[in-house]
Amino acid sequence: MQNNFPRIFSLSTIGIKQHFNADYLFHPYRTDFSGESGSGKSMIADMIQLILIGSSEFKSATDGNKDRDVKGMLLVNKGKSSSRGYIFLNIEVNPKQYLVIGVYIESTSNVAEMFIIQNGYDWDTITPLNNPIFYKDLLINDKVETLNSLSEKIEFAQIKSFKRRAYHQILYNNDILSLDLTSDETLKTYASILRSFSRGKGFKTESENLKKFLFGDDDQNVIMRKYNEEVNNINNDFHEHKRYLEEIELINNKQNVLKDILEKNKSFKSVYTEYLIQRYNYWNTSKKKNTEKLKKVSEELCITENELQCLEIQLIQLRIKDLKELLDNKKKVNDLSHLSDSNLVLEQEFLTIKQSKTNIEIVEKWLFANENQIDNVKIWYHSQKSEEKSRSELVEFTNYLSNNNIIKEFEASNWLIDFDKESSFFDKDIKKLEKEITELESLSKFSDVNNPESLLRWTTENLTFPVSHTTESVLVYFQKFGKLKPSEKNAERYVPYPEELFNDIDNKIKDKSQHGFWLNLDGVYEFIEYSPNPVLNVTDHTLITKPLLKLKENFKTQLEKLILEKQNKENLKNILFEFSNLKLHVELYQRRDKIAKFNIEESIKELTQESFEKCIQLFENKENILKKHDSIQKKYQDSLNQKTIIDGHLNKIKELESNLFDKDENVDIEFVEKKIIEVSKSLLELSEILKQKNFDIELFLKKQSNITKSKIAVLELKLTLQNSLKNLEKKKEENENLLSFTSQEINEVISTNEQLFKSKIEFDDNYLELINPSEGGKNSLAHKAEQAKISYEENLKIIIKDLPYDETVSIGQLANYFLPTVFPTSKIDEDLITFNITERLNKLTRDIQEIGSRKVEILGSIFNEVYNVYSGYLTKINVIDGYLQKKNKVITGGNRASLTAKKSFYYPDNWLSSFRKQLNNQLSFTGLFTELKEEIDINEMMIKAFRQLGGSVKVEPQDLMNPKSYFDLEFDLKLDND
């Protein structure tokens, strides 16, 4: 039987995977899609879902299909260009009247753009089309246009894109959709149901989605809002009830502790008060005594200080006397100073002429040693100086040889024996050595058969053995030139083709002698010596190996020796010639033994040439110098006598300055005069101070008559008085310390009174106490007071162990901490503690009784509401199922639907009935929950009741107050004949 309108007429695709460009016409009765796996059957349902719900809640109905997102439906274009596609439905709203709804997709976005096509311009009330629209109608020149472009180019209908909510609102308002999908929650449920239908399985068990779809959450939300409002209204009662119970328990636990510590505190205060009073009185009596002693010592100290000041005046007077004596001596020296200047000139003249006389006497000694001839003396002086110079230069040269480690080599060389001869023959000797080295190198190369340049090797390969001594000598001679061509720089002969040289060698040899022979080299004759050790005169050339090896070793040894000799010679020369004026120093070294024994005459050792000549000149003027010496000597002696007088004054000045001043001070006449004025002024000031103190200076000096003239006597008496002063100061310090100690004790008592008793104890300053309460050991009052304090503090420590207080805490602070509601501050009357606690307990009991049955009333109201809504849902389900059971309500394909409600296994409705019944009993005060009456939290009350009355799962209060919790829905599709 055909369904009522509206119905899906067709589904069209443009640019969609597996469907490409296609139109699928739906049969009014039933449309089946068949094909192999992956042919796109399930995608039909996904495309319809996307058109109806949009991309925000779209999810492929195919299980595990990760690639079936919105843009994943598009065909992929070759290259980098983006893909576009359309999916749309023709909805037949009335016979031959159509409305098109669909989505436009781009590969650049996963959001589908929803559109509607109609015949009119009013988008609130849709005007149907007279003909359906197929995919070809939306292709412009076989191209897929964008939705914006398409809406401008199509002229046969009106096309417009919409946001999701506006799209669903139009479809709902025009009866295309039976549900308002503008709500996100409804859209999610609808999408879930569509996916369930698409898969054709699992729908019967999705009870929660059905319940949401049919009933939504509005009723539950209303109940929860009402409940939360009620709970918020009584929230303070919940906290107060709990707080009152906790406070009663706290008071019962803490009141005994408070009473006990209060009694111990009173006992402690009584004993400690007695102790503090006696301690204060004792130390106050001691303070008075020490104050009197300190006064007496201070008076004696003042007298001694005055006497010391009087002695200081006497010392100042003696110092003024010394200063005046110093001033007198300085003036006398100053008066004689004009004479001392001329005496200095005379002294300088005498010393000069005396030195000249001494120099003449030295020259006389030189003459005596040199036959009294002045010329001999001059020759002798120059000889001495020259030899001294030679000695210095020899030491320098010897050090040079030693520093370069060549003394032995130098002494063994010809350079020391004959310098000139060695200089002329050195280069020749070196060339001779180089020649010998070259010849040995040639012989060494010749004897090495393995060397490709060896002529011996060529010989063994090309000549017939035995080889004559003559031919062997030629071989040895030409070996030094080699077979290889030398560079043009070092141009020399070479033997590239030995066979040309030795071809017919015997005819080329001319004029043999004992030592050698001449060799004709194409008209040039060259003399060749016989080789010293012939080895090629054997028949078998292999027999020459051993002799050659021995010969080669001998060459090697000689060659090393010659090379070392050459190097040593050259090294010695190079080092020697780096020393300047070498020949002279070699000659000095030749006579080194004689120079080493030389010692210069002491009198001329430091004497320069100029000084020597001056001494000779003085000697030549001997007679005049001696006369002048005798004349100046007499005048000089007279000046010495005058200097002795001045020295006497200077010595006295030095002595006085040493006694009166520091070493660094510059003491002149003006300074001494100022010092006398300064010290005299100080004398007047000290005298005035003593007069103001009414100290009789004359009387003191009369008693100490021996000090007026003797400084030593003054100093001795000063020392005695200073010692006496120290003793008095010590006594004063002792009395002050004792007085300070007594004050500390008194202050400590006052401080303790403040700390422990807030200064409540009053002390009597006039009370005389001679017994120290701290003396007497364990029987002393201090010990008893301390024991009482320790006993109280030990008990207190136990109480405050985990409290934020130390041992100084008061009873008021403890009461305030333990029972803040009873004692809101720490200022309390300790005598009223018990009365205050009793009064508070009575008030709390009354307050708890006044917290009525408000929670019970709320629960009764809420669960009546839950039950009413729950009953309404069951009635609605029965109505829907009755509608579906009607004969004319067959679904596509001949299926019949059914909707039934089953009681929830997890939330049995008998719990709901029992709980409401017991709540009603509570409201009439005919009974109370046995286990719940102690429960304060209303949420915990209902959860405990649920478990007690049959519930077994872990639940939340919102689940119990949800009417949908108490039933499950089953929706079923069956063929009519099943």
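Biologist: Which helices each supply at least two residues of the lining of the second largest pocket?
Modeller: The model is predicted: local features need pLDDT of at least 70, side-chain atom pairs count only at pLDDT 80 or more, and totals for chains, interfaces and linings use all residues. Residues are numbered from 1 along each chain as its sequence is written, and side-chain values use heavy atoms, without hydrogens or water. Helices (DSSP runs of H or I, at least four residues) and strands (E, at least two) are numbered from the N terminus. At least two lining residues each come from helix H7 (235-335), helix H24 (711-757), helix H25 (781-800) and helix H26 (811-818).

Biologist: How much space lies in that second largest pocket?
Modeller: A pocket is an open set of points on a 1 Å grid where a 1.4 Å probe fits, with protein on both sides within 12 Å along at least five of seven lines; lining residues have an atom within 4 Å of a point. Of the 23 lining residues, the closest to the centre are Lys-269, Gln-755, Leu-756, Lys-758 and Ser-810. The space, filled by probe spheres set on the points, is about 700 Å³.

Biologist: Which helix gives the most to this lining?
Modeller: The lining of the second largest pocket divides into 7 nonpolar, 8 polar and 8 charged residues. With 4 residues, the top contributor is H24.

Biologist: Which are the edge strands of the open sheet of 6 strands?
Modeller: The order is E2-E1-E3-E4-E5-E6, with antiparallel pairing (at least two DSSP bridges between two strands). An edge strand here pairs on one side only. That holds for strand E2 (20-25) and strand E6 (158-162).

Biologist: What is the bridge partner of Gly-102 in E5?
Modeller: Strand E4 (residues 97-106) and strand E5 (residues 113-118) are antiparallel, joined over 5 bridges. In E5, Gly-102 is partnered by Phe-115.

Biologist: Which residue takes a positive phi in the hairpin of E8 and E9?
Modeller: Strand E8 (residues 516-521) and strand E9 (residues 524-529) run antiparallel, with 6 bridges. Asn-520 stands opposite Tyr-525 in E9. The hairpin has 2 residues between its strands, and the positive phi, near 50°, belongs to Asp-522.

Biologist: How do H9 and H20 run relative to each other?
Modeller: Helix H9 (residues 374-403) and helix H20 (residues 609-620) pack with axes 12 Å apart, at an angle of about 165°. Axes are fitted to C-alpha atoms over the stretch in contact, and angles run from 0 to 180 degrees between N-to-C directions. Over 145 degrees counts as roughly antiparallel. H9 and H20 are therefore roughly antiparallel.

Definitions and conventions. Nonpolar A, V, L, I, M, F, W, Y, C, P; charged D, E, K, R; others polar. Parallel < 35°, antiparallel > 145°, perpendicular 65-115°, else oblique.
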